[in-house]
Amino acid sequence: MIKYNYPLKKYNTFGIDVRTKKFISLENEKQAAELFKKGKVCSGNCLILGGGSNILFTGDYDGTVIQALFNDIEILEISTDSAIITVGAGLEWDRLVEWAVKNNLGGLENLSGIPGHTGAAPIQNIGAYGTEVSEMINAVHAVSLENGDRRVFAAEECRFGYRDSIFKNEMKGKYLITRLEFRLSRPPHRIKLSYGNLEQEIKGRGQPTLATVRDAVIKIRNDKLPDPSLTGNAGSFFKNPVLNTDQYTELKEKFSDIPSWELGNGHV
């Protein structure tokens, strides 16, 4: 679907009332590939828009906005301890987490309540409460904006780091992410409660489960952040500083209760 002079108010969580010169919504991956094969779709200003939760429009957009609408979930493979699922990029992220918890598939529950669409998750390697999405990503499917070629990025090719990936660096603006593959755990699950005040919030909810962790995370987030449907906001986009272990040790000596999280490769 192509529309012109199209309003974007409902497509950004700040609710800014602006318009885009051209708006293209894509119903499936085949349509996306065929569109970009034609060329020149993104020759000028071009914006791939997901849930609009990480953007602040300051005026009308003089270019083309593209949004993926495909939002299906499919189980590709089931083994004794895990399941591989595939998810369309246009699915709201929290709907995916809700689906996973209801189907007793673990790994995403600590990422409950994060706004935006699933296709945006690998770009900045979203994370919360001791979990990063890269831990569950099996592969990222994408379409070239230049020529419509399809490509599958294996997890190791994505170069995931703390709030970082190849899609924020050398592949920035070159691909439309169309689909993600996740490897999620089957029971018994390894519940993560060590980050922040999550363990304290879990107390009183009974035995920790995927559902109680999800409920606790949503409660904490709702206490901290306003509902974007009521008050325009971009959620939490704070990025913690990264230190090498020597710098962290020196800081720890001065502030013994400083919260921290090991990233590996000698960094905290």
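This is a predicted model: local features need pLDDT of at least 70, side-chain atom pairs count only at pLDDT 80 or more; totals for chains, interfaces and linings use all residues.
**Strand pairing, a buried serine and a surface patch**

Beyond its neighbours within four places in sequence, serine 25 is in contact with Met1, Gln31, Gln67 and Leu69. Serine 25 belongs to strand S2. Its relative accessible area is 1%. Serine 25 is therefore buried, the cut-off being under 20%.

Strand S2 spans residues 19–26. S2 pairs with S4 in the parallel sense, and six bridges connect the two. Within this pairing, leucine 26 stands opposite alanine 68 of S4. S4 also pairs with strand S3, which covers residues 46–48. Here three bridges are found, and the strands again run parallel. Isoleucine 48 has isoleucine 66 of S4 as its bridge partner. S4 itself comprises residues 61–68. Of its eight residues, seven are buried, so the strand is largely enclosed by the rest of the structure.

Strands of a sheet pair through backbone hydrogen bonds, in either the parallel or the antiparallel sense. The antiparallel sense is seen in an open sheet of five strands, ordered S5-S6-S11-S9-S10. Strands S5 (73–78) and S10 (150–154) stand at the edges of this sheet. Each edge strand has a single partner, so one side of each is left without a neighbour in the sheet. From one strand to the next, the twist averages 20°.

Inside this order, strand S9 (residues 137–144) is joined to strand S11 (residues 175–185). Seven bridges link the two strands, which run antiparallel. Histidine 141 stands opposite arginine 179 in S11. Helix H1, formed by residues 29–37, lies across S9, S10 and S11. The helix runs at about 40° to S9.

A nonpolar patch was identified on the surface. Its members are Tyr195, Val242, Trp261 and Leu263. Together they have about 320 Å² of accessible area. Valine 242 is located in the loop that connects helix H4 (210–224) with helix H5 (245–254). The relative accessible area of valine 242 is 38%. This value lies between the limits of 20% and 50%, so valine 242 counts as partly exposed. Serine 25, by contrast, is buried at 1%.

Note on methods:
Residues are numbered from 1 along each chain as its sequence is written. Side-chain values use heavy atoms; hydrogens and water are left out. Patches are made of residues with over 30% relative accessible area and no salt bridge: like charges are joined within 9 Å, nonpolar side chains (Val, Leu, Ile, Met, Phe, Trp, Tyr) within 5 Å. Accessible areas come from the Shrake-Rupley method with a 1.4 Å probe; for residues, only the protein chains shown count as cover. A salt bridge is a side-chain nitrogen of Lys or Arg within 4 Å of a carboxyl oxygen of Asp or Glu. Helices (H or I, at least four residues) and strands (E, at least two) are DSSP runs, numbered from the N terminus. Buried means under 20% relative accessible area, exposed over 50%, partly exposed in between (1.4 Å probe, protein chains only). Two strands pair if DSSP finds at least two bridges between them. Axes are lines fitted to C-alpha atoms, for helices over the stretch in contact, and angles run from 0 to 180 degrees between N-to-C directions. Contact means heavy atoms within 4.5 Å.
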